[in-house]
Amino acid sequence: MASGAGSDTGTWSSIDDFLDTSTRVHRTSKSERARQFEKSGSLDQAEKDFDKLVGDLGGTEPKSYPSGVRASRLPDGTKISIRSTSISGEPTVQIDPPKG
């Protein structure tokens, strides 16, 4: 991948820059608020992506929970969390836009 916005090595200035490095799988809700994307890599890569999102987009210091989930909130209210597994078994970086 080339460096710069939208790549894994450049600075992400928005959630869309991160999503540009992923592949959209399918629509998961009629409202379009929930969308599912895939990205190759292991838990280590998911952790790096989470840390990069939080750092590049000015998130709060991540909180760790006993379940193994780490979560942060961006200045616009977006919540970003990471967990080691999902229903399908892969690590998951979850992005929840602010309600409103």
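In the predicted model, 4 strands form an open sheet in the order E3-E4-E5-E6, with antiparallel pairing. The edge positions are taken by E3 and by strand E6, which spans residues 92–96, and each of these strands pairs on one side only. Strands of a sheet pair through backbone hydrogen bonds, in either a parallel or an antiparallel arrangement. Between E4 and E5, which run antiparallel, there are 4 bridges, and these two strands form a hairpin with 5 residues between them, where Gly77 in the turn has a positive phi of about 100°. The antiparallel pairing of E5 with E6 extends over 5 bridges, and across this pair Lys79 stands opposite Asp96 in E6.

Ser72 lies in strand E4, which comprises residues 70–73, and its bridge partner in E5 is Ile80. The relative accessible area of Ser72 is 4%, and because buried residues are those under 20%, Ser72 is classed as buried. When neighbours within four places in sequence are left aside, the residues in contact with Ser72 are Phe50, Val54, Gly59, Thr60, Pro62, Thr78, Lys79 and Ile80.

Thr60 is found in the loop between H2 and strand E3, the latter covering residues 63–64. With a relative accessible area of 42%, Thr60 is partly exposed, whereas Ser72 is buried. The backbone oxygen of Thr60 lies 2.7 Å from a polar atom of the Ser72 side chain. Apart from neighbours within four places in sequence, Thr60 is in contact with Val54, Ser72 and Arg73. Thr60 and Arg73 are 13 residues apart along the chain, and their C-alpha atoms are separated by 5.5 Å.

The largest nonpolar core has 12 residues, namely Trp12, Ile15, Phe18, Leu19, Ala46, Phe50, Leu53, Val54, Leu57, Leu74, Ile80 and Ile82. Two or more residues of this core are given by each of helix H1 (15–19), helix H2 (43–56) and strand E5 (79–83), and H2 gives the most, with 4 residues. In soluble globular proteins, nonpolar side chains tend to be buried together. Among the core residues is Ala46, which, leaving aside neighbours within four places in sequence, is in contact with Ile82, Pro91 and Val93.

A search of the whole structure finds 1 aromatic pair. The ring centres of Trp12 and Phe18 lie 5.1 Å apart with the planes at 65°, and the pair is therefore edge-to-face.

How values were computed
Residues numbered from 1 in each chain as written. Predicted model: local features only at pLDDT ≥ 70, side-chain atom pairs only at ≥ 80, totals over all residues. Heavy atoms only, no water. Phe/Tyr/Trp six-rings, centres within 6.5 Å; stacked < 30°, edge-to-face > 60°. Core = buried A, V, L, I, M, F, W, Y, C linked by side-chain atoms within 4.5 Å. Buried < 20%, exposed > 50% of the residue type's maximum accessible area, 1.4 Å probe, protein only. Contact = heavy atoms within 4.5 Å. Polar contact = N/O pair within 3.5 Å; in protein donor to acceptor, adjacent residues only side chain to side chain. Pairing = 2+ DSSP bridges.
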